[in-house]
Structures are given as C-alpha cells and as structure tokens.
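Please find my notes on the model below. They are set out as numbered points, to be read beside the sequence and the coordinates.

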Amino acid sequence: MKKSKRTIKYLVVHCTATPEGKDFKAKDIDRWHKTRGWREIGYNYVVDLNGTIEFGRDVDKIPAQVKGFNANAIGVVYIGGVDAKGTPKDTRTTAQKASLLKLLKDLRKLYPMAKILGHRDFPNVRKACPSFDAKTEYKNI
Ligand SMILES: [Zn+2]
C-alpha cells in the first residue's frame, strides 16, 4: 500500500449513508461527488459490501471528507450506514468488518501516530457517520 507524502494524524471512518444491502462502488461515489462540484471522489479508500477494498482519491492528495481536518487525514468509507428508512444503522457486512479491520491495521502500520476516529468524533459534526463507534472499536489496533 502506498504511503502518503502528507503528515497523517487522523484515519477517519465514514459510511456512505446509503441503505443497507444496496450495492455501490467507488465509481458511484466518484460520480456523486463530481455532481457536488468536486474534482473526484472525496475519500481515499472504499470498502464495498463484498469486502473489496477500492482506491479512491490518491493518498497524496488532500481528501474531502472531514471539514477542517482534511489536510492531515486519510478518509475510509464503507458502503451502507442507514436502514431502508434512512435511519443510521451499523449495516456492515461480515466481509466489510473484516476488510475494514485489515485496512485500518495496514494504515496503522504506515501511520503509527495517527488516531483512528469516526467522522462523528470530530467537532461540530451533526451526523451519525459512520453509524458505529469506530473510536472504541479500533482503539487497540
Ligand atoms: Zn462521514
């Protein structure tokens, strides 16, 4: 895995806030983010429903994912995060849980000083993203 030339202080976990079981890929997120007027997908890594880890924005480029902290962050997103009604829910599949853990362990090796946090752990975030307590779940990896 490629190490960013940027100083990485935060590994930030997100969800796409798409309904449980709905299959989307990095190219879909890329399309959504371009619609917002961004150059490309805002996240650096995407964890698909089947556990496949896709590359998003190049890690040397500043991601667009957590306001005020992007310059020193890497953004990881899993597909899902809400139920059919749009209520926040930890919808991670078994494969996604395994891949997220592996990805974060690999990133932790590259950036030993970085904190692993959920999007909601940052100040002034009024979202449930990533719909589970990433800070606690990954505190010992
Ligand atoms: Zn988020």
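1. Basis. This is a predicted model, in which local features need pLDDT of at least 70 and side-chain atom pairs count only at pLDDT 80 or more, while totals for chains, interfaces and linings use all residues. Residues are numbered from 1 along each chain as its sequence is written, and side-chain values use heavy atoms, with hydrogens and water left out.

2. Zinc site. The protein donors of the zinc ion are H14 through ND1, H119 through ND1 and C129 through SG, at 2.1 to 2.3 Å from the ion. Their spacing in sequence is H-x104-H-x9-C. H119 and C129, 10 residues apart, are both in the loop between β7 (115–118) and α3 (134–137). Donors here are N, O and S atoms within 2.8 Å of the metal (3.2 Å for Na, K and Ca); water is not among the atoms, so sites may look incomplete. Helices (H or I, at least four residues) and strands (E, at least two) are DSSP runs, numbered from the N terminus.

3. Burial at the site. Both H119 and C129 are buried. Buried means under 20% relative accessible area, exposed over 50%, and partly exposed in between, with a 1.4 Å probe and protein chains only.

4. Strand β1. β1 pairs in the parallel sense with β5 (residues 73–78) over 6 bridges, where V12 has G75 as its bridge partner. β1 also runs parallel to β7, with 4 bridges between them; there, the bridge partner of Y10 is K115. Two strands pair if DSSP finds at least two bridges between them.

5. Largest pocket. What is the volume of the largest pocket? The value is about 330 Å³. Its lining has 20 residues, and C15, T16, A17, Y43 and K127 lie nearest the centre. β1 (10–15), α1 (26–35) and β6 (81–82) each supply at least two lining residues, and α1 gives the most, with 3. By class, the lining has 11 nonpolar, 7 polar and 2 charged residues.

6. Second largest pocket. This pocket holds about 170 Å³ of space. Its lining includes the zinc donor H119, along with residues such as Q65, F69, N124 and R126. K127 is also in this lining, and K127 is among the residues nearest the centre of the largest pocket.

7. Terms for the pockets. On a 1 Å grid over the protein atoms alone, a pocket is an open set of points with protein on both sides within 12 Å along at least five of seven lines, whereas a cavity is a set where a 1.4 Å probe fits but cannot get out; lining residues have an atom within 4 Å of a point. Grid points are joined across faces, edges and corners, and a volume is the space filled by probe spheres set on the points. Ala, Val, Leu, Ile, Met, Phe, Trp, Tyr, Cys and Pro count as nonpolar, Asp, Glu, Lys and Arg as charged, and the others, Gly among them, as polar.

8. Backbone points to check. The peptide bond from C129 to P130 is cis, with omega near 10 degrees, and P130 is in the loop between β7 and α3. S131, in the loop between β7 and α3 as well, has a positive phi of about 70 degrees although it is not a glycine. S131 counts as buried because its relative accessibility is 13%. A17, in the loop between β1 and β2, has a positive phi near 60 degrees. A17 counts as partly exposed because its relative accessibility is 47%.

9. Record. An unreviewed UniProt entry lists "domain: N-acetylmuramoyl-L-alanine amidase" at residues 1–131. Over residues 1–131 the chain is 21% helix and 20% strand, with the end C-alpha atoms 27 Å apart. UniProt also places "domain: Peptidoglycan recognition protein family" (unreviewed entry) at residues 1–123. UniProt positions are given in the numbering used here, feature names are shortened, and annotations may be inferred rather than shown by experiment.
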